[in-house]
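Thanks for coming. I have one structure to go through today, so let me put it on the screen.

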Amino acid sequence: MTEAIKKIANGIDQGKLKLEDINENLFDECLYTQGESPDIIIRTSGERRLSDFLLWQSSFSQLFFFKALWPEFSPWHLFWTILNYQKHHSELMQLRDRNLYNNKIDNITDSNEDFELIENNNNNNNNNNNNDNN
């Protein structure tokens with residue numbers, strides 16, 4: 001994020017940008033990912049944090065945390081990740097399109113403790129609202 005701010009500051013200094021030009025889209029384009037956000041972020045080693053990695057870009061990413069260290073990360077871990085991503089893809093795209101994804105998350109643990117999926121809290125809120133209406 002610091003590098004993006006430096007790029008914007010340089011653009012202002014060089015007269016290529018005005019203060020009015022600075023907005024969320026410009027900031028997003030100045031990041032390393034240049035406006036693209038990852039669909040999936042995988043963190044190995046059992047850590048449940050991003051360590052300030054792609055904080056801005058990961059707002060709509062599905063996060064997967066594995067206890068396995070990187071050398072032990074197998075194709076089966078990757079297959080499980082892809083399967084779970086596919087399972088929730090359409091719902092995530094709907095939320096992304098409506099900008100309702102607000103980074104509130106729940107931990108959902110698979111039967112194998114090595115595989116854990118972080119999902120949006122909106123699922124639970126929608127289910128609770130539906131139960132209240134019944």
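I will go through the salt bridges and then the pockets.

First, the ground rules. This is a predicted model, in which local features need pLDDT of at least 70 and side-chain atom pairs count only at pLDDT 80 or more, while totals for chains, interfaces and linings use all residues. Residues are numbered from 1 along each chain as its sequence is written, and side-chain values use heavy atoms, with hydrogens and water left out.

Salt bridges, then. Side chains of opposite charge can pair when their charged atoms come close. The term here means a side-chain nitrogen of Lys or Arg within 4 Å of a carboxyl oxygen of Asp or Glu. How many salt bridges does the structure hold? There are 2.

One joins Glu3 to Lys6, with 3.6 Å between the closest N and O atoms. Both residues sit in helix α1, residues 2-13, and they are 3 residues apart, about one turn of the helix. Helices are DSSP runs of H or I, at least four residues, numbered from the N terminus. Glu3 counts as partly exposed because its relative accessibility is 36%, and Lys6 is also placed in that class, at 45%. Partly exposed is the range between buried, under 20% relative accessible area, and exposed, over 50%, with a 1.4 Å probe and protein chains only.

Another salt bridge pairs the side chains of Glu47 and Arg49, at 3.0 Å from N to O. Glu47 is partly exposed at 30% relative accessibility, and Arg49 is partly exposed at 44%.

Now the pockets. A pocket is an open set of points on a 1 Å grid over the protein atoms alone, where a 1.4 Å probe fits, with protein on both sides within 12 Å along at least five of seven lines; lining residues have an atom within 4 Å of a point. Volume is the space filled by probe spheres set on the points, which are joined across faces, edges and corners.

The largest pocket has a volume of about 320 Å³. It is lined by 12 residues, and the closest to its centre are Glu24, Asp28, Ser37, Ser59 and Phe60. Helix α2, residues 24-30, gives the most to this lining, with 3 residues.

The second largest pocket comes to about 220 Å³. Of its 14 lining residues, Met1, Leu31, Tyr32, Leu54 and Gln57 are the closest to the centre. Here α1 gives the most to the lining, with 4 residues.

That is what I have.

Notes
Helices (H or I, at least four residues) and strands (E, at least two) are DSSP runs, numbered from the N terminus.
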